[in-house]
Amino acid sequence: MKNIITAIACIVFMIGFGQEDYTAKREQMVKTQLKARGIKDAATLLAMQNVPRHLFVPENMKPYAYTDGALPIGDGQTISQPYIVAFMTEALQLKESDKVLEIGTGSGYQVAILAKIVDSVYTIEIVKNLALKAKDRLQELGYANVNVKWGDGYHGWPAKAPFDAIIVTAGADSIPQPLIDQLKIGGRMIIPVGPYNYLSHLVLVTKKKNKITKKKLLPVRFVPFIRDKKPGGGDK
């Protein structure tokens, strides 16, 4: 009995130590990768501090979850560098009451960051395996204000439009008109734009009453924006 109690105590200690270690890594990530590079928005920093990034990467990638770079998540996709996640989030100038659309769910990490800040998030992923995994993961972690759909993000989510903000986490050749149409007046969208295999730029789009403004913010590299070429396919 004594040996069993000792073993249980060791397991509890190891679990607790592991969680504390991840917390320390997140604190270091926020300090050295975000604040040191100019991220200032309090809501963005708090979300990055609190969302467990290591739970959004494959098991073999957990030791690298808080490193300064993108990581593979399977199916040819990646989870973005922490700084890029924070930069794109901050650029949208989000409010607590906002409804946000994300194109490119991936592992669900960017969704989780947004969900900590805004009222509701709608996210679309064209890779079915990733969409289903992300939906389960976000539900298990208690993100009740998130809705995940498997489908072609080019057309957005008309039934839930208009949106206060839209974030696209895949490199597009151009800005999809349906996404512009689904922005509210005064709404913002951030999207990587540029030819595949060449350097893209994050572009901030603002929809005003009589015009659309576009501003290049930062050179980046993203996986390409994937389209569904089969009629009616991938929309569940």
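Which residue in β5 is the bridge partner of Ile 124? In this predicted model, in which local features need pLDDT of at least 70, side-chain atom pairs count only at pLDDT 80 or more, and totals for chains, interfaces and linings use all residues, that partner is Lys 149. Residues are numbered from 1 along each chain as its sequence is written, and side-chain values use heavy atoms, with hydrogens and water left out.

The chain has six helices and nine strands, assigned as DSSP runs numbered from the N terminus (helices: H or I, at least four residues; strands: E, at least two). Of its 236 residues, 50% are buried, that is, under 20% relative accessible area with a 1.4 Å probe and protein chains only. Where contacts (heavy atoms within 4.5 Å) link residues at least 6 apart in sequence, 55% of them join residues at least 24 apart.

Seven strands form an open sheet of mixed pairing, in the order β5-β4-β3-β6-β7-β8-β9, two strands being taken as paired if DSSP finds at least two bridges between them. Its edges are β5 (146–150) and β9 (212–220), each of which pairs on one side only. On average, neighbouring strands of this sheet are turned by 15 degrees against each other, direction ignored.

Strand β3 (residues 99–103) is parallel to β4, the two being joined over five bridges, and Glu 102 has Thr 123 of β4 as its bridge partner. Five bridges likewise join β4 to β5, and these strands also run parallel. The chain crosses from β4 through α5 to β5 in a right-handed β-α-β crossover, and β3, helix α4 (residues 109–115) and β4 also make a right-handed β-α-β unit; right-handed here denotes a clockwise path from the first strand over the helix to the second, with the strands pointing away from the viewer.

Because six of the six residues of β4 are buried, this strand is largely enclosed by the rest of the structure. Burial extends to both faces of β4, with Ser 120, Tyr 122 and Ile 124 on one side and Val 121, Thr 123 and Glu 125 on the other.

Helix α5 (residues 128–140) lies across β4 (120–125) and β5, running at about 160 degrees to β5, where axes are lines fitted to C-alpha atoms, for helices over the stretch in contact, and angles run from 0 to 180 degrees between N-to-C directions. Helix α3 (residues 82–91) lies across β6, β7, β8 (200–207) and β9, at about 165 degrees to β9. Strands β6 (residues 163–168) and β7 (residues 183–193) pair in the parallel sense over four bridges, with Leu 183 in β7 as the bridge partner of Phe 163.
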